[in-house]
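Colleague: I've just opened this one and I'm new to it. Could you walk me through it with a few questions and answers?

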Amino acid sequence: MPKHNAIPPEALTWLAAWPGVRALTIHGGPTLARRLLDDGHTVFAMAATEADVDKLRDVSGALPIWARPEAMPMDPWQFDVVISHQGFHLMDSSAALPEIARVLRPGGCLSASYIVRDDSVPWVRRLTALLRHYDPVAMRGNYGHDSLQRLSSSKYFPEVEQRAFRIWRSVSLVNLQNLVASQPLSAKLDEGQRSRLASEVRDLYQHSVRPGEHLRLPFQLLCSRAWVSHDELTAPVMAPDNGIKIHM
């Protein structure tokens, strides 16, 4: 899978919504925080474990916060945008969404994204068919992106926008062989089956690639922007008088 730095610049701009925002990242890691800082945003980065918070401390300019999205130690109306990349499915959305709504300013948004493999390219379809000859459930990616559907039914985020961005990753024969070897089905095969599969993968690669080039493996960055409404919060939400306060 491509890492956080594979997010196209235009996609990161779309997720941030405006220039120079006060952003809170959740499950984004240090790379996402750096990318946002480099684009001129003010970044607060939340992580749920001490190890992940320690990684965020290495990001100069970002304020790490050790907390969970289900219980945020912040006053209301603190952020323009909350951004979650590859991590929305890790939240308890019934508890996290009202908390995220509470800390967003009026007119703010929750932006969530996932990178998923795009199986529509012909050579990828052939690879999938080949692997499913050995295991019917091979190449069925479980990325967590189905969790984005929860946004559309949330009373705290009544308006949701969606966009998809294409990402291409260059794949050599060795890359493809390693990808196949990492599939769960490989552990179920005997030596003869693994050898035959390796030969079939090599033949597929050589018949799909142009001489002197690598194949390109396509991914999609699926993005959602959900615009906050404070009307359904159970307690009144008022902006603090003295600016941002983060209770640790």
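Colleague: How far is the sulfur of Cys-223 from the closest cysteine sulfur, and in which residue is that sulfur?

Modeller: A disulfide here is a pair of cysteine sulfur atoms within 2.5 Å. The sulfur of Cys-223 is too far from its closest cysteine sulfur for a bond, because the gap is 11 Å, and that sulfur is in Cys-109.

Colleague: How many disulfides does that leave, and what should I know about the model itself?

Modeller: This is a predicted model, where local features need pLDDT of at least 70, side-chain atom pairs count only at pLDDT 80 or more, and totals for chains, interfaces and linings use all residues. Residues are numbered from 1 along each chain as its sequence is written, and side-chain values use heavy atoms, with hydrogens and water left out. From Cys-109, the closest cysteine sulfur is the one in Cys-223, too far for a bond at 11 Å. By the disulfide rule, the count is zero.

Colleague: Are Cys-109 and Cys-223 buried or exposed?

Modeller: Buried means under 20% relative accessible area, exposed over 50%, and partly exposed in between (1.4 Å probe, protein chains only). Cys-109 has 0% relative accessibility, and Cys-223 has 3%. So Cys-109 is buried, and Cys-223 is buried.

Colleague: How many aromatic pairs are there, and which rings form them?

Modeller: Rings of Phe, Tyr and Trp (its six-membered ring) pair if their centres lie within 6.5 Å; planes under 30 degrees apart are stacked, over 60 edge-to-face, and the rest tilted. That rule gives two aromatic pairs. In one, Trp-18 and Trp-227 have ring centres 5.6 Å apart and planes at 70°, so they are edge-to-face. In the other, also edge-to-face, centres 5.3 Å apart and planes at 70° go with Phe-44 and Phe-79.

Colleague: Which residue has its charged end over the ring of Trp-18?

Modeller: A charge sits over a ring if NZ of Lys or CZ of Arg is within 6 Å of the ring centre and within 35 degrees of the ring normal. For Trp-18, the charged end is 4.8 Å from the ring centre, and it belongs to Arg-105.

Colleague: Which residues of helix α1 are buried?

Modeller: The helix covers residues 9–16. Its buried residues are covered by elements including α2 (29–38), β4 (79–85) and β7 (215–227). The buried ones are Ala-11, Leu-12, Trp-14, Leu-15 and Ala-16.

Colleague: How many residues does the largest nonpolar core have?

Modeller: A nonpolar core is a set of buried Ala, Val, Leu, Ile, Met, Phe, Trp, Tyr and Cys residues joined through side-chain atoms within 4.5 Å. Among those with the most contacts inside the largest one are Trp-123, Leu-176 and Leu-221. That core has 44 residues.

Colleague: What is Ser-84 in contact with, beyond its neighbours within four places in sequence?

Modeller: Contact means heavy atoms within 4.5 Å. Ser-84 lies in strand β4 and is buried, with a relative accessible area of 1%. Leaving those neighbours aside, its contacts are Ile-26, Met-91, Ser-111, Ala-112 and Ser-113.

Conventions:
Helices (H or I, at least four residues) and strands (E, at least two) are DSSP runs, numbered from the N terminus.
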